[in-house]
Amino acid sequence: MERKTDDYVDHPPEDTLNTLDTDPDQGLSEAEAARRLERFGPNEIQEREEPLWHRVFRRFWGPIPWMIEVAALLSALVQKWEDFAIILVMLLVNALLDFFQEHRALNALKALKQGLQGEAIVLRSGQYRALPFRELVPGDIIRLKIGNVVPADVQLLDGDYLLLDQSALTGESLPVSKKTGAVAYANTIVKQGEMRAVVVNTGMHTNFSSVVSLVSRASLKERSHFQKMVMQIGNFLILITLALVLLIVMVALFRHEPLLEIARFALVLTVAAIPVALPAVLSVTMAVGAINLARRKAIVSHLTAIEELAGVDVLCSDKTGTLTRNEMQVADPILLPGQSEPDLFLCAALASRPENRDPIELPIFRYLDEHYPDVDWRSYQQRSFTPFDPVRKRTEAVVSRADDRFLVAKGATQVLLEMTELDEARVAEVNRQVDALAAKGYRTIAVGRRRDGEPLELLGLIPLYDPPREDSREVIEEMQRNGVVVKMVTGDNLAIAREIGGLLGLEQRTIRSAQLSGAASNELLALVEALTTAIYRRLKGGVPFKEARRFASEVMEEVGRLYDTRLLEREFLHTHESAIVEMIEEVDIFAEVVPEDKYRIIDTLQKGDHIVAMTGDGVNDAPALKKADCGFAVANATDAARAAADIVLTAPGLSVINEAIRQARITFARMKSYATFRIAETLRIILFMTVSIIVFDFYPITALMIILLALLNDIPILTIAYDHTRVHNAPLRWNMRELLTVSSVLGLTGVVSSFLLFFVLQEHGVSEDMIRSLLFLKLIVAGHSTLYVTRAEGWFWERPWPSPLLMVATFGTEILGTLIAVYGVMITPVGWAYAAWIWLYALAWFFVNDVIKVLTYRMLRREGAVD
C-alpha cells in the first residue's frame, strides 16, 4: 500500500481504489480508518525540531555573547575573579532568559498550528462528514471544491475538473487544470471546480513535506516595519557606544595604561551600553499581545502583525460573512407565470449539494424543510454535477428519478436569461424585478429546468438577503473613533453595496471596480455603444432591442477600424493615475470588485503611505490578505484565506479587531517607552564615562560595577511587556525626531546629575573608591527611575499607573543594588547614611527629569513635531 505519490500519476483510479482497498461509494469504516491512522500516523508534517543541546549552545554563540565571553576571559587573565564570576552570571542569566522566551514561543507555535488545523469533507461508512486534516488516512474519499486547500496527496476520482494553484509547491505562477485520474498534491489550492478524490499519501509521505520546514523557517525570519525600526535604534546605540569606547581606548593607550585592563574595561563597557535585552523585550511583548488576543478567540499566525496593527489607519473589509451574518435568508420568491413555489425550490435544491454547506444553498434546503417538508428532493439522483465558478456563474446538475431525467440550473439571472428563449418584454420585466430587489439589498438567484431537446425553462427568482451583523455598525463606529477609516470592498453589485453600507453607517461614496484603473475607459466606449443603441431605436420607431444592439455593435466595430481605442485607454491612464490614490482614499464602498481589484486597492493605499488592514473569508480575498500590512481571516474563512492571513478570527464578527488594534497600540507604547529609556540610559552611562576618563582622568565606576549595572538593568526591563499604558485613539508610528530628542535630553540631564554628584563628593573629600560606590548606587536608583519618566508623555503620576509587576521588578533590583553598596559586596561599602542621601538625591532628580520631559514634549508640540 505504501507507494510514492507520483507512482499514481496516470494510474487508473479503479486500480488505485483496489490498491488502497476502499469503496468509492462507502469510503472507509471508522474501524479501518482508526487502524490506518495507527499505521501511518496523523496527517501532519512532523518538522525536525532543533536538538536541545543546539538550542542551549546557540545562546553562547554570536557577537554579543562573544563580547561577554572575551570580557570574562580577560578578567580571568588579570585574575579579577570577582569580575569573572559576575560576568559569568550575566552571561548565564541572559542565555537562560533568551532560552525561556524561545521555549515559550515554540510552545505557542505548536498551539497555533493545532488551532489552525483545517477540515475536509470525508466519506466514512457511507456518510459525508467534516473531519480535521490530521485524521485523514490513505484510502479516504474526500470532496474538493473552490477555496479548499488540498489536505493530502490525492488522486482525482470523478467530477468535471479542478483548477489548482500549485505555487506553494512548484513555484508556477499560473493555476493548472486537473481531471479524473490526475494527482493533486497537499497544500495546493483549489481555484475552480469540484471533484471527489481518494487520499493516496498523508503527512510525511506527501510531496509537500520536504518544503514545509523551509517555509516555516522563512516565516520566522520575516520582520515588520516596527521591528526594523527597533533594530535601527539598537544599531544606532551600538554605533554611538563603539565610537565613544574607541575614544576611551585611544586615550588610555596614550596614557600607557595596561593593555589587558584597557581591553577588559572597553569590552565590559560596550556590553553594558548596548541593548542586550532588546530581542528578549521584543519577544516577550509580542508574546503577551498574542496571548491576550488568543483569549479573545483570535489566533495570531504571524506575531509581527500585532506590531503592524498599531499604525493601521485604513481597514478594508469584505462584506459577506464579515460585516454581514453570512446566513442568507430567503425573501418572498418571484414565480414566472405557470410555475409553482414547491417546484421552484425543488429544482434549486437539486442543483445544489447539502454536504458542501454552501451559504447560498443552505437557505434553500432550510426553506424546503420549513415550508414544504413533503417535497421529497432526496429521492432524486444527481447523475452529473457542475459546480459554480466565477466564469460560468451558474451551477448545473443532471438529475433523475425513475424514468424522469432533466437538467436543473441555478445562478446569475442574466446568465440563465441568455439560456432561455423568453420574449423581450418578459426579459425586461425579469431584469426590472432583479434591479428592484437589488436596490433593497437582495441577492437574486434564478432557477431553471431543461428537458431533452427543449430550451431552458425559467421557473422563477429566489431573493436572498444577508443581514448585517448586530455588532457591525458599533464596531465600525468604534474604529472610526480610533482614527481608522473603514472601507467596504465587495463583489456584490452597486445597489446591494450601497444598501448594506447605509445600514452600517458608511458614507455613500461608492464606485464600481472598473473605475479603479484605466479599465474605466472601457465604460466610455460602453456609454457610446448604449447611446448608439438608444438613438437607433428612436430613429427607427422602437425596433426590437436585439436589432438595435446589433446595429450598435457594428458601429463600434467600424469605430475600432477608424480609431485606435487603445490610445483612449493610455490617455485615460495618463491623466487618471495621478488622482487614483486620492480617489480611493475618498471612496468608502467598492462594489463589483474581483480579486485583482482588492489587491489593487490595498496596493494603491499603501503607495499613499497608509498602513492597511484587510479582512476577508473567501479564496478571492487571499491575495489581498497577503498583500495587506495585516490580514484578518474571519470566522468560517476558507483554507486559502486562513493560510494567507496574519490573524485568524475564530469567533464571528469584527469586534475582536478593535481589541487587536488596542493591544497593538499598547505594545507600541511599551516599546516606545523601552526605546526612550534605553537611548537615555546608554547616553547617560557612556557619555559620563567618556567625559570622566578623558577630561578628569578618573574612572567613575569599575568594570565590575558596570557588569552589575547591566545585570540589574536587564532583569526588570522584561516586565515592560506587562506594564499598563495609555491606549491612543489614533494610529501610531515611529517619530524619530521625537524619540531622539526626548531620550537625548533625558540622557544629558542624567549626565549633568552624575557630574554634579561627583563634584560635590570631591569637594567634601570623599575617597575615590567611596565615590565609585556612591556613583554606582546613584546609577542603579536613577536608571530605573528613568523608566517611570519615559513610560508616559505627561506627568508621571497620571493614569494609567505602573503595573505591580513592573514596580516589584524595578524596586526589587534597586533594593538589591542598595544592599550591595551598603554592605560592600565586592565593592567599597557606603553605609546606610550615604545610601539614604543618594536615594534622596536620585528622587529629587527624578522630579527634575519629569519636568524636563514634559517641557520637551510641549516644545515639540509647538513646533509640530508631535501630534
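Which residue in β19 is the bridge partner of Val 489?

1. The partner of Val 489 is Phe 590 in β19. Please keep in mind, here and in what follows, that this is a predicted model. The strands concerned, β17 (residues 485-489) and β19 (residues 589-591), run parallel and are joined by two bridges.

2. Both strands belong to an open sheet of eight strands with mixed pairing, whose order is β8-β22-β21-β20-β9-β17-β19-β18. At the edges stand β8 (298-300) and β18 (510-512), and because each has a single partner strand, one side of each is left without a neighbour in the sheet. On average, and with direction ignored, neighbouring strands of this sheet are turned by 20 degrees against each other.

3. Helix α18 (residues 494-503) lies across β17, β18 and β19, and its direction makes an angle of about 155 degrees with β19.

4. Turning to a helix pair, α25 (residues 655-696) and α28 (residues 768-790) pack at an angle of about 155 degrees, with their axes 9 Å apart. An angle over 145 degrees counts as roughly antiparallel, and α25 and α28 are therefore roughly antiparallel to each other. The crossing in which α25 passes α28 is right-handed.

5. On the α25 side of this contact are Ser 673, Thr 676, Phe 677, Ala 680, Glu 681, Arg 684 and Phe 688, which meet Leu 775, Ala 782, Gly 783, Thr 786, Leu 787 and Thr 790 in α28.

Definitions and conventions. Residues are numbered from 1 along each chain as its sequence is written. This is a predicted model: local features need pLDDT of at least 70, side-chain atom pairs count only at pLDDT 80 or more; totals for chains, interfaces and linings use all residues. Side-chain values use heavy atoms; hydrogens and water are left out. Axes are lines fitted to C-alpha atoms, for helices over the stretch in contact, and angles run from 0 to 180 degrees between N-to-C directions. Helices (H or I, at least four residues) and strands (E, at least two) are DSSP runs, numbered from the N terminus. Angles under 35 degrees count as roughly parallel, over 145 as roughly antiparallel, 65 to 115 as roughly perpendicular and the rest as oblique. A crossing is left-handed if the near helix is turned anticlockwise from the far one by less than a right angle, and right-handed if clockwise. Contact means heavy atoms within 4.5 Å. Two strands pair if DSSP finds at least two bridges between them.
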